[in-house]
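Please look through the sequence and the model shown here before reading on. The report that follows takes up a few single residues and then the whole chain.

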Amino acid sequence: MKVVLQRSKAASVTVDGKVTGAIDSGYVLLVGITHGDKQEDVEYLAKKVANLRLWEDADGKMNHSILEHGGAILSVSQFTLYGDAKKGNRPSFTSAARPEVAEPLWEAFNNSLREHGLHVETGIFGAMMDVALTNDGPITILLESK
C-alpha cells in the first residue's frame with residue numbers, strides 16, 4: 001500500500017462538476033493499493049498518518065501531528081501510484097489491486113483514520129476526479145506499508 005501525503009492549506013475533489021469532498025487545513029492523501037495488501041497495511045498506514053509529526057511547534061520544528069495541530073483528511077483512491085513505466089511509453093497498472101479488492105481496503109483505511117479521531121472527506125472510488133489543493137510548505141511525503 002502506498003500513500004502520497006501532501007500537507008495542504010485547502011483541498012477539494014470534484015466529480016462531474018460536484019464537490020464530493022473538501023477540507024481546509026490538513027492532509028491530502030493519494031492512496032494506492034496493490035496485490036497482497038491486507039488490514040494490517042491499512043492499520044499501519046492509518047496510524048502513521050495520524051501520528052506523523054509534520055506540523056511546526058513554537059520553535060518552528062515539525063514536532064506536532066495532525067491530531068495535535070488539528071486539521072482534516074482528504075482521501076483519494078489512486079491506482080496510478082502502482083503504474084510501471086519502465087518499458088515503453090504506456091504505463092502498466094498490473095501491480096494495482098483490482099477494484100473489488102482495492103475499494104474495501106480504501107474504505108477500511110478511511111474508517112481507520114476516523115477511528116484515530118480524524119475527520120475524513122473523500123473522492124469517489126474509480127471516478128475521474130478533479131483534485132485541487134494548495135500544498136502547504138510544500139510538504140509531500142511518500143509512505144509505504146511494505
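## A buried alanine and its surroundings

With a relative accessibility of 7%, Ala11 counts as buried, because buried means under 20% relative accessible area. The model in which this residue is described is a predicted one. Ala11 lies in strand E1, and, when residues up to four places away in sequence are not counted, Ala11 touches Gly21, Ala22, Ile23, Asp24, Val28, Leu74, Ala132 and Leu133.

In soluble globular proteins, nonpolar side chains tend to be buried together. The largest nonpolar core here has 29 residues, and those with the most contacts inside this core are Tyr27, Leu29, Val49, Ile73, Phe109 and Leu113. Two or more residues are given to this core by each of E1, strand E3 (26-32), helix H1 (39-51), helix H3 (99-115) and E8, and the largest share, six residues, comes from H3. Leaving aside neighbours within four places in sequence, Tyr27 is in contact with a set of residues that includes Leu5, Val49, Leu52, Leu54, Trp55, Ile66 and Ile73. There is also a second, separate core of 11 residues, which includes Val28, Leu30, Ala72 and Leu74.

## Two aspartates in loops

Which of the two aspartates discussed here is buried, and which is exposed? Asp37, found in the loop between E3 and H1, is buried, with a relative accessible area of 7%. Apart from neighbours within four places in sequence, Asp37 is in contact with Met1, Gly32, Tyr82, Leu105, Ser145 and Lys146. Asp16, by contrast, counts as exposed at 79% relative accessibility, because exposed means over 50%. Asp16 is found in the loop between strand E1 (2-15) and strand E2 (18-23), and its phi is near 50 degrees, a positive value in a residue other than glycine.

The two C-alpha separations given above can be set side by side.

## A cis peptide bond

One backbone feature concerns a proline: the peptide bond from Gly137 to Pro138 is cis, with omega near 0 degrees, and Pro138 has its place in strand E8 (residues 130-144).

## The protein as a whole

The protein has three helices and eight strands, which follow the pattern β-β-β-α-β-β-α-β-α-β-β when read along the sequence. Its radius of gyration is 15 Å, close to the 15 Å that the globule rule gives for 146 residues, so the protein is as compact as a globular protein of that length. The C-alpha trace spans about 50 × 35 × 30 Å along its principal axes, and buried residues make up 43% of the 146 residues. Among contacts between residues at least 6 apart in sequence, 72% join residues at least 24 apart. The protein exposes about 8,100 Å², of which carbon and sulfur atoms supply 50%, and the mean positions of its 15 positive and 19 negative charges are 7 Å apart.

Conventions:
Residues are numbered from 1 along each chain as its sequence is written. This is a predicted model: local features need pLDDT of at least 70, side-chain atom pairs count only at pLDDT 80 or more; totals for chains, interfaces and linings use all residues. Side-chain values use heavy atoms; hydrogens and water are left out. Helices (H or I, at least four residues) and strands (E, at least two) are DSSP runs, numbered from the N terminus. Buried means under 20% relative accessible area, exposed over 50%, partly exposed in between (1.4 Å probe, protein chains only). The radius of gyration is taken over C-alpha atoms; the globule rule is 2.2 Å times the number of residues to the power 0.38. Contact means heavy atoms within 4.5 Å. Accessible areas come from the Shrake-Rupley method with a 1.4 Å probe; for residues, only the protein chains shown count as cover. Lys and Arg count as positive and Asp and Glu as negative; His and the chain ends are not counted. The place of a charge is taken as NZ of Lys, CZ of Arg, CG of Asp or CD of Glu. A nonpolar core is a set of buried Ala, Val, Leu, Ile, Met, Phe, Trp, Tyr and Cys residues joined through side-chain atoms within 4.5 Å.
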